[in-house]
Amino acid sequence: MGTFAVTGSASGMGAATKAVLVEAGHTVIGVDLRDADVVADLGTAAGRASAVREVLSISGGTLDGVAAVAGVGPNMPDSSAVMSINYFGPVAVLDGLRPALARSGAGRAVAIASNSATTVPLIDDALVEHALAGDEDAARARAAEAAAAMPKEIAELAPPSIIAYASSKFALARWVRRTAVTPEWARQGVLLNAIAPGAVLTPLMTGSTGAAADHDPDDFPTPMPLGIFGEPEDIAFWVHQFLKPEARFTTGAVLFVDGGTDAAMRPDAQPTPLTF
């Protein structure tokens with residue numbers, strides 16, 4: 001049995017992931033703002049550093065897997081905080097725990113992106129570039145500017161931080177793709193993948209969209225081909241698959257677990273041919 005760290009372990013998809021791993025017999029180190037083995041604010045540099053130190057201390061410096069699940073939704077009024085929590089939080093934790101994953105000999109890491117990165121037409125390119133460059137101050141400033149400049153007709157319909165939310169998840173998925181194939185990860189045997197959930201019934205989704213278990217999926221703003229919403233356990237299942245030792249030939253993947261929403265909206269987006 002292995003030792004795993006799960007951020008956002010107190011609720012939603014993080015809690016479901018922790019439960020699946022515990023049921024499989026693993027030791028799980030939960031990280032969250034409350035009700036966790038490690039209590040830390042991943043929206044700040046100090047909180048991230050503290051979380052990494054404590055996880056390393058509890059684990060003895062070796063981890064079999066990390067699931068970076070913690071995040072906030074677009075209904076959070078502070079767009080700058082959304083960028084810090086959703087992008088810089090998971091990146092710092094995964095980077096900080098990479099050596100511990102390498103020591104296990106078969107380390108696995110999963111980040112939670114979102115299908116909003118491809119189904120919301122509000123990605124801010126400058127914001128994404130600031131994030132990928134590692135410039136948190138610039139990203140926070142740009143997130144605030146983008147929110148303030150959002151056209152009134154969109155602002156009246158969309159959650160206040162929708163630009164920061166979609167852009168942070170887009171940047172995180174791209175970071176996973178870029179990072180997974182670097183020697184520091186790939187040649188150390190540490191596999192890194194992302195999951196892009198869609199409409200999953202978590203506090204984050206219900207708070208952002210108003211949708212609940214009794215809401216008709218066909219009335220949801222984006223297509224729901226299966227006619228159902230997802231449950232946290234649907235995401236936890238795939239996190240678990242990516243964290244298994246048997247998942248030895250998969251890295252740099254972004255798996256959509258969204259009931260077909262992305263495929264319905266962008267059926268020809270992928271695969272795309274290589275061009276010269």
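Strands here are DSSP runs of E with at least two residues, helices are runs of H or I with at least four, and both are numbered from the N terminus. Two strands count as paired if DSSP finds at least two bridges between them.

A few ground rules come with the model: residues are numbered from 1 along each chain as its sequence is written, and side-chain values use heavy atoms, with hydrogens and water left out. Because this is a prediction, local features need pLDDT of at least 70 and side-chain atom pairs count only at pLDDT 80 or more, while totals for chains, interfaces and linings use all residues.

## The sheet

The strands form an open sheet of seven, in the order β3-β2-β1-β4-β5-β6-β7, with parallel pairing. At its edges are β3 and β7 (254-257), each of which pairs on one side only. The table collects the pairings, with one facing pair of residues for each.

| Strands | Bridges | Facing residues |
|---|---|---|
| β2 and β3 | two | D32 and V39 |
| β1 and β2 | five | F4 and V28 |
| β1 and β4 | four | T7 and A68 |
| β5 and β6 | five | R108 and L191 |

Buried means under 20% relative accessible area, exposed means over 50%, and partly exposed lies in between, with a 1.4 Å probe and protein chains only.

Helix α2 (45-59) has 15 residues and reaches 21 Å from its first C-alpha to its last, close to the 21 Å expected at 1.5 Å a residue. That expected span is 1.5 Å times one less than the number of residues. The buried residues of α2 are G47, R48, S50, A51, V52, V55 and S59, and they pack against β1, β2, β3 (38-39), α3 and α6. Contact in this report means heavy atoms within 4.5 Å. After α2 comes G60, whose phi is positive, near 75 degrees.

Helix α6 (residues 136-148) has 13 residues and reaches 18 Å between its first and last C-alpha, close to the 18 Å expected. Its buried residues are E136, A138, A139, A143 and A146. Seen down the axis of α6, these fall within an arc of 150 degrees, so they line one face of the helix; the arc is taken from the directions from the helix axis to the C-beta atoms. The face turned away from that buried side carries the exposed residues D137 and A148. On the buried side, α6 packs against α2, α3 (79-104), α5 (125-132) and α8 (162-180).

A nonpolar core is a set of buried Ala, Val, Leu, Ile, Met, Phe, Trp, Tyr and Cys residues joined through side-chain atoms within 4.5 Å. The largest one has 42 residues, of which Y87, L94 and W175 touch the most other members. Helix α3 gives the most to this core, with 11 residues. Not counting residues up to four places away in sequence, L94 touches V66, A68, A109, A111, W175, W185 and L192. Apart from this core lies another, of 16 residues, among them F4, L21, F242 and V257.

Finally, consider R177, found in helix α8. R177 counts as exposed, at 53% relative accessibility. Leaving aside neighbours within four places in sequence, R177 is in contact with G252 and V254. The C-alpha atoms of R177 and G252 are separated by 4.6 Å, although these residues lie 75 apart along the chain.
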